[in-house]
Each structure stands twice: as structure tokens, then as C-alpha cells.
Amino acid sequence: MDPGLGFAVFLVKLIFVTLLIGWIPALIAKSKGRNFILWWIYGGGLFIVALIHAISIKNPAKSLEAKLSARDANLIIVAVIVVFAAGYFIFQEKPVEEKSTG
């Protein structure tokens, strides 16, 4: 396989996983009344920072006692499962086939 092609495949996988992990802070921020697309970009670029930020921001429209709705919590759980499953299958090493001689 061409080394340049291997890097391109890795880059596509990395972009895919980055888009997936950006979904988690975006869902949390959306449940607090923030813009989903902006938080998705932010979460993809700086996942750990965006996740902490999304968890710590307050929802101005709700009281302090308000919690995530069951639907939002389920979406976040599904997003985490999808991200880890995708990462597992995408970055799983494929066995190298050996060519037999004669």
C-alpha cells in the first residue's frame, strides 16, 4: 500500500471521530439553550475543554434546580456509545495476510 494512501485513510478516520466526539458537548450545550452547530465545532476542536465548559454553563431559561430531561440524557448516552464503538471499529488493527511461497 502506498504510504501516502495510508496517511489519507488515517486522516479521514481522524476527522470522522472528531466529528463524532464533538457531538457530545454539543448535545449538552443544546439542552442548556445554546447553539448546537457552534458547540459541535467547538467540541470537535477542543473536546475536553468544550465538555467541561458545556457541563459547567448554566441554562439562563431554567432555574438552578433544573436537570437534563430524560430524552437529553438518553441522547448523550447514545452519543457516547456511538463514539466509542466507532473509535473501536475504525482504529482496530486489521490482520496482515501472509503470502505463501510456492
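**Helix packing and an aromatic pair in a predicted model**

Modeller: Helices α2 and α4 are roughly parallel to each other. This is a predicted model, in which local features need pLDDT of at least 70, side-chain atom pairs count only at pLDDT 80 or more, and totals for chains, interfaces and linings use all residues. Residues are numbered from 1 along each chain as its sequence is written, and side-chain values use heavy atoms, with hydrogens and water left out.

Biologist: Why are α2 and α4 called roughly parallel?

Modeller: The axes of α2 (residues 23-31) and α4 (residues 47-56) cross at roughly 15° and come within 9 Å. Angles under 35 degrees count as roughly parallel, over 145 as roughly antiparallel, 65 to 115 as roughly perpendicular and the rest as oblique, so α2 and α4 belong to the roughly parallel class.

Biologist: Which residues of α2 and α4 meet?

Modeller: Ile-24, Pro-25, Ile-28 and Ala-29 of α2 meet Phe-47, Ala-50, Leu-51, Ala-54 and Ile-55 of α4 (contact means heavy atoms within 4.5 Å).

Biologist: What makes Phe-36 and Trp-40 a tilted aromatic pair?

Modeller: Their ring centres are 5.9 Å apart, with 40° between the planes. Rings of Phe, Tyr and Trp (its six-membered ring) pair if their centres lie within 6.5 Å; planes under 30 degrees apart count as stacked, over 60 as edge-to-face and the rest as tilted. The pair Phe-36 and Trp-40 is therefore tilted.

Biologist: Why does Phe-36 count as partly exposed?

Modeller: Phe-36 has 21% relative accessibility. Buried means under 20% relative accessible area, exposed over 50%, and partly exposed in between (1.4 Å probe, protein chains only), so Phe-36 is partly exposed. Trp-40, at 31%, is also partly exposed.

Terms used. Axes are lines fitted to C-alpha atoms, for helices over the stretch in contact, and angles run from 0 to 180 degrees between N-to-C directions. Helices (H or I, at least four residues) and strands (E, at least two) are DSSP runs, numbered from the N terminus.
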